[in-house]
Amino acid sequence: MLLTNAHLVTLPRGGDYGLIPRGAVAMEGDRIAWAGPMDDIPTPYRDGPVQDLGGRLVTPALIDCHTHVVFGGNRAAEFELRLNGASYEEVARAGGGIVSTVAATRAAPDDALLADALTRVDAMIAEGVTLIEVKSGYGLDRDTELKMLRVARQIAMARPIEVRTSFLGAHAVPDDYKDRPDAYIEEVCIPTLRAAHAEGLVDAVDGFCEGIAFDPAQIARVFDVAGALGLPVKLHAEQLSNIGGTQLAARYGAQSADHVEYATEADARALAKAGTVATVLPGAFYTLRETQAPPIQAFRDHGVPMALATDCNPGSSPLASLLLTMNMACTLFRMTPFEALSGVTTHAAAALGLTDRGRIAPGLRADLCVWDIAHPAELAYRIGFNPLHARIFKGTL
């Protein structure tokens, strides 16, 4: 198929939109075969099927590189508690937070978890998302962690979207291991990781490195097993405090360090040296009414790629809109619209270890979005507005 009469946003390496005002894209199978000005369309592509896009703007498809879309129940009651003065940490220490979702997820059958997840995934697809990362972490026992990962895999069979899974067994300490986090890591988390890997359910390994979860030494033991299994790692780091998670992620060459509100200049230098992406999650910052913003300028100064994601989850970020996430990043963190678009395309792909998408160039995946807008900055500028005209997934309109 040849897409013509398009305003292309190619996002080349080099730091600009890469605009081609009267552009065209030729697709063969699930790949981009050629992209450039309409006057330069190679002869072989002129004779195939043509789709005139009427001057609409075309970008790479959107990627949500940090989600928890598979879970049971909801935590609206805790939302109200926080608005009445309780902090996220106080709610967690009182038995709410992640462990309350654990109970609901353990009780939910597979088909119910899938049906609920698809309501959120459908909202993402409707905004042009073609790839999502999905974490486990609301099971905290072998059976439920495996159940979550199986359901995550089923999403890609139920909808035209690609799914990457992350094992997040080191998400919280369950009640039956209260005050015994080391025992939980050795007796539950690591054996479950091995079982999930053996079943082919894991693309990466994640952890929550925080005072209310696990310290760097405990996460390091999980990461050592991940390395032995040949799995890449990523990390929830420096969301509520700085206990060394970002430095740990850098030492292990993590694909991404996520949240990073309390990261420092030294942390930014470490991420840059390691080639680790900083994934910024404004939905959680907004929902928890945090005041410590991530060090965006330090990331810029040291050349750390910044990804953006919804962090879609029932407690700290009940958000399923990447478009709203882009606006939040610009408004709350002073990221630019260009940085926001790169964060949900090129850098989101890098946060998942992928180099074959996130830009418009020959040889890359033909995952594209067609928008009813005139300039890419409109994607981050508007609030509560979805200008998607069409989504192209694996070369199919």
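Biologist: Two strands pair if DSSP finds at least two bridges between them. So much for terms; which residue of β2 stands opposite Ala6?
Modeller: Gly23 of β2 stands opposite Ala6. This is a predicted model, in which local features need pLDDT of at least 70 and side-chain atom pairs count only at pLDDT 80 or more, while totals for chains, interfaces and linings use all residues. Residues are numbered from 1 along each chain as its sequence is written, and side-chain values use heavy atoms, without hydrogens and water.

Biologist: How many bridges join β1 to β2?
Modeller: There are 5 bridges between β1 (residues 2-9) and β2 (residues 19-28), and the two strands run antiparallel. Strands (E, at least two residues) and helices (H or I, at least four) are DSSP runs numbered from the N terminus.

Biologist: And β2 with β3, parallel or antiparallel?
Modeller: Antiparallel, over 6 bridges. In that pairing, Ala26 has Trp34 of β3 as its bridge partner.

Biologist: What sits between β2 and β3?
Modeller: A turn: β2 and β3 form a hairpin with 2 residues between them. Gly29 is in the turn and has a positive phi of about 65°.

Biologist: Switching to salt bridges. How many are there in the whole structure?
Modeller: The search finds 20 (a side-chain nitrogen of Lys or Arg within 4 Å of a carboxyl oxygen of Asp or Glu).

Biologist: What does Asp356 bridge to?
Modeller: Asp356 forms a salt bridge with Arg31, and the closest N and O atoms are 3.4 Å apart. The pair links distant parts of the chain, 325 residues apart. Asp356 is in the loop between α15 (346-351) and β14 (368-371), whereas Arg31 is in β3 (residues 31-37).

Biologist: What about the open sheet, in which order do its strands run?
Modeller: The order is β6-β7-β8-β9-β10-β11-β12-β13, 8 strands with parallel pairing. The edge strands are β6 (62-64) and β13 (306-308), each with a single partner strand, so one side of each is left without a neighbour in the sheet. From one strand to the next, the twist averages 25°.

Biologist: How many bridges hold the pairing of β6 and β7?
Modeller: β6 and β7 (residues 129-135) pair over 3 bridges, in the parallel sense. Leu62 stands opposite Val129 of β7.

Biologist: Now helices. At what angle do α7 and α8 cross?
Modeller: Roughly 20°, with the axes of α7 (residues 181-198) and α8 (residues 216-228) coming within 10 Å. Axes are lines fitted to C-alpha atoms, for helices over the stretch in contact, and angles run from 0 to 180 degrees between N-to-C directions. That makes α7 roughly parallel to α8.

Biologist: Which residues make the contact?
Modeller: On α7, Pro181, Asp182, Ile185, Glu186, Cys189, Ile190, Leu193 and Arg194. On α8, Gln218, Arg221, Val222, Val225 and Ala226. Contact means heavy atoms within 4.5 Å.

Biologist: And α5 with α6, at what angle do those cross?
Modeller: Roughly 50°; the axes of α5 (residues 110-125) and α6 (residues 142-158) come within 9 Å. That makes α5 oblique to α6. Angles under 35 degrees count as roughly parallel, over 145 as roughly antiparallel, 65 to 115 as roughly perpendicular and the rest as oblique.

Biologist: Which α5 residues meet α6?
Modeller: Asp110, Leu113, Leu114, Ala117, Leu118 and Val121 of α5. On the α6 side they meet Lys147, Val151, Gln154, Ile155 and Ala158.
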